[in-house]
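Hello,

Here is the structure I promised to pass on to you. Please have a look at it first, and then read my notes below.

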Amino acid sequence: MPYDPSAFPPFAVTVDLVVLTVRKHALCALVVRRGEPPYQGRWALPGGFVRAEEDLETAAARELAEETGLRSQHPEGQPTEAHLEQLATYGAPQRDPRMRVVSVAHLVLAPDLPAPTPGGDARSVRWAPVDSLFDGSDGADGREAEQAPLAFDHDRILRDGVERARSKIEYSSLATAFCPPEFTVGELRRVYEAVWGVALDPRNFHRKVTGTPGFLVPAGGTTTRQGGRPAQLFRAGGATLLNPPMLRPEV
């Protein structure tokens, strides 16, 4: 029996980005205020429709560049300052009121990023502490001004992305993706504290990360940018999986 495309309903594919960074010792996500229906005026994750000539990774990288100016890879294929990975697929029939839309969400991790500028159909864009997005507070000036949840099913996507980041830094070296190329153990500890939302003992943390094979390598210098005595600088080592893992404290 010949294949008949008209026998199946059409639907669109989008990419949504959970872009996480650490700003002022807090885990923050990039959100845009929608300038067009549906959900006009509501905050949402950045993203957009996949173009006919694009594969999913190309579409995600394009949206990342348009929303943040970051590139996940150089043209030669070498990785840059942003870590980009596929997160999950979301395809509930009614998730988008315009039409049937399947979204392939991606997780992006990067060091302290600058203030973003809006693009596309976004009316404004900002970094918001993830806790403020989960509880509905504004997060920008302390007012409880935005009780509405994120547009579409973006609250669920954001929660999934944050949990992915929290779990992956337990057993992988992904926490270094939040750091500059050279960083101190104290700066790395503050990344773990921001992502996990807990306080860690500095001495125990230093012992664990410097004693984990392949996690960190000395960069050959020191810095006083955090104040106090000079602190040794490190770079990410070659290990991708940590053995033993950095277990998340129970709270």
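Are Tyr3 and Phe8 buried or exposed? Tyr3 is exposed, and Phe8 is exposed too; exposed means over 50% relative accessible area, buried under 20%, and partly exposed in between, with a 1.4 Å probe and protein chains only.

Before going on, please keep in mind that this is a predicted model, where local features need pLDDT of at least 70, side-chain atom pairs count only at pLDDT 80 or more, and totals for chains, interfaces and linings use all residues. Residues are numbered from 1 along each chain as its sequence is written, and side-chain values use heavy atoms, with hydrogens and water left out.

Now the overall picture. The protein has five helices and nine strands, taken as DSSP runs numbered from the N terminus (helices: H or I, at least four residues; strands: E, at least two). Along the sequence they follow the pattern β-β-β-β-α-β-β-β-α-α-α-α-β-β. Of its 251 residues, 46% count as buried.

Next, the inside. In soluble globular proteins, nonpolar side chains tend to be buried together. Here the largest nonpolar core holds 44 residues, and Leu20, Leu158, Leu188 and Tyr192 touch the most other members. (Such a core is a set of buried Ala, Val, Leu, Ile, Met, Phe, Trp, Tyr and Cys residues joined through side-chain atoms within 4.5 Å.) The largest share of this core, seven residues, comes from α4. Apart from it lies another core of 18 residues, including Leu17 and Cys28.

How many aromatic pairs does the structure hold? There are four; rings of Phe, Tyr and Trp (its six-membered ring) pair if their centres lie within 6.5 Å, and planes under 30 degrees apart count as stacked, over 60 as edge-to-face and the rest as tilted. Tyr3 and Phe8 are stacked, because their ring centres are 6.0 Å apart and their planes are at 25°. Tyr39 and Phe152 are edge-to-face, with 4.8 Å from centre to centre and 70° between the planes. Tyr39 is partly exposed, at 29% relative accessible area, whereas Phe152 counts as buried, at 16%.

Happy exploring!
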